[in-house]
Amino acid sequence: QSSRTMATLNLRALTSWVGIARLLAVLLSCLSFSLVASTGHFEAPYGTWCMFTWCFCFTVTLLVLLLELLELYPLLPLSWDDFTSAFSMLAALMVFTSSVVFPATFISSPCSSSQCARQAVATASSCLCFLAYALEVSLTRAKPGDISSFLSTVPGLLKVFEAYVACLIFSLLDEYSRESGLMWCVAVYSICFIFTLLIIIFTIGRCLTYIPCPLEKVLVGYNVLALLMYLTAMVLWPLYSFRGRGRPDPCGSNCPWNKHLGVTFLTIFNLIAYLVDLVYSTRMVFFRAP
């Protein structure tokens with residue numbers, strides 16, 4: 001009786017390919033934030049974001065490994081496969097962003113000092129950490145036809161991507177209250193982000209079964225609506241942002257023109273994501289193999 005109540009060790013959590021990918025992610029994220037912390041040079045806001053990313057991914061991945069090693073995750077009131085799939089996708093996106101933002105912000109061109117060398121090694125470690133998370137995403141992705149854990153399917157992973165890109169858009173929003181067209185675009189980003197986030201949370205919390213309607217068809221309808229809304233944003237955002245405004249000559253990292261250009265590209269990325277999401281969702285719902 002006592003042996004049943006005790007936590008059992010599941011060594012496959014560490015020796016499987018997914019476990020090895022998670023171990024690598026833990027070690028590499030730890031190496032990244034340790035090296036950057038040792039330089040003492042990670043000012044706000046970009047440096048703080050990168051440090052938060054590495055620390056957050058390290059902590060959650062270590063917790064996932066411990067819960068799987070001790071086989072305690074079935075006690076949690078959530079869909080474990082959906083949670084781990086969504087987190088690995090989110091971690092891959094966050095670490096990729098940090099791997100681009102950190103060197104662009106902090107590493108200067110003649111890299112000769114020991115501080116710069118540590119920053120360069122931290123960047124390389126962050127890039128390898130991204131590859132570890134990308135490997136985990138590919139290993140845990142659902143096989144075609146398997147919809148037991150929605151967030152490990154292509155539409156589920158795209159939901160995480162769409163929500164993350166929307167967060168990046170929010171971080172770049174600047175000077176949009178003067179134009180009604182830009183305010184509509186911000187409404188599009190906000191509405192789509194809220195609904196996509198709710199889908200992710202309800203899936204992880206196993207709440208979708210309580211919705212009294214055919215969920216798969218509702219998701220297809222939502223994707224159609226989100227795609228149409230993003231289409232209007234893709235046209236209106238650059239139209240109202242750059243109309244009669246050339247790029248100013250000194251245009252640094254906080255230049256509104258650059259931020260508007262960033263939002264334009266991110267809008268296109270999310271439009272493509274919603275389009276691919278719609279195609280895969282439609283195939284899963286209406287063309288499912290018998």
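At what angle do helix α5 and helix α7 pack, and how far apart are their axes? In this predicted model, α5 spans residues 80-106 and α7 spans residues 154-172. The two helices pack at an angle of about 40°, and their axes lie 9 Å apart. Angles under 35 degrees count as roughly parallel and those from 65 to 115 as roughly perpendicular; α5 and α7 are therefore oblique to each other. The crossing in which α5 passes α7 is right-handed.

On the α5 side, the contact is formed by S85, A86, M89, L90, L93, M94 and T97. The residues contributed by α7 are L157, V160, F161, Y164 and L168. Sorted by class, the contact of α5 with α7 comprises 10 nonpolar and two polar residues. No charged residues take part in this contact.

Although E71 is not a glycine, its phi is positive, at about 55°. The relative accessible area of E71 is 37%. Because buried means under 20% and exposed means over 50%, E71 is classed as partly exposed.

A positive phi is also found at R206, a residue other than glycine, where the value is near 55°. R206 is situated in the loop between α8 (180-204) and α9 (215-242).

Definitions and conventions
Residues are numbered from 1 along each chain as its sequence is written. This is a predicted model: local features need pLDDT of at least 70, side-chain atom pairs count only at pLDDT 80 or more; totals for chains, interfaces and linings use all residues. Side-chain values use heavy atoms; hydrogens and water are left out. Axes are lines fitted to C-alpha atoms, for helices over the stretch in contact, and angles run from 0 to 180 degrees between N-to-C directions. Helices (H or I, at least four residues) and strands (E, at least two) are DSSP runs, numbered from the N terminus. Angles under 35 degrees count as roughly parallel, over 145 as roughly antiparallel, 65 to 115 as roughly perpendicular and the rest as oblique. A crossing is left-handed if the near helix is turned anticlockwise from the far one by less than a right angle, and right-handed if clockwise. Contact means heavy atoms within 4.5 Å. Ala, Val, Leu, Ile, Met, Phe, Trp, Tyr, Cys and Pro count as nonpolar, Asp, Glu, Lys and Arg as charged, and the others, Gly among them, as polar. Buried means under 20% relative accessible area, exposed over 50%, partly exposed in between (1.4 Å probe, protein chains only).
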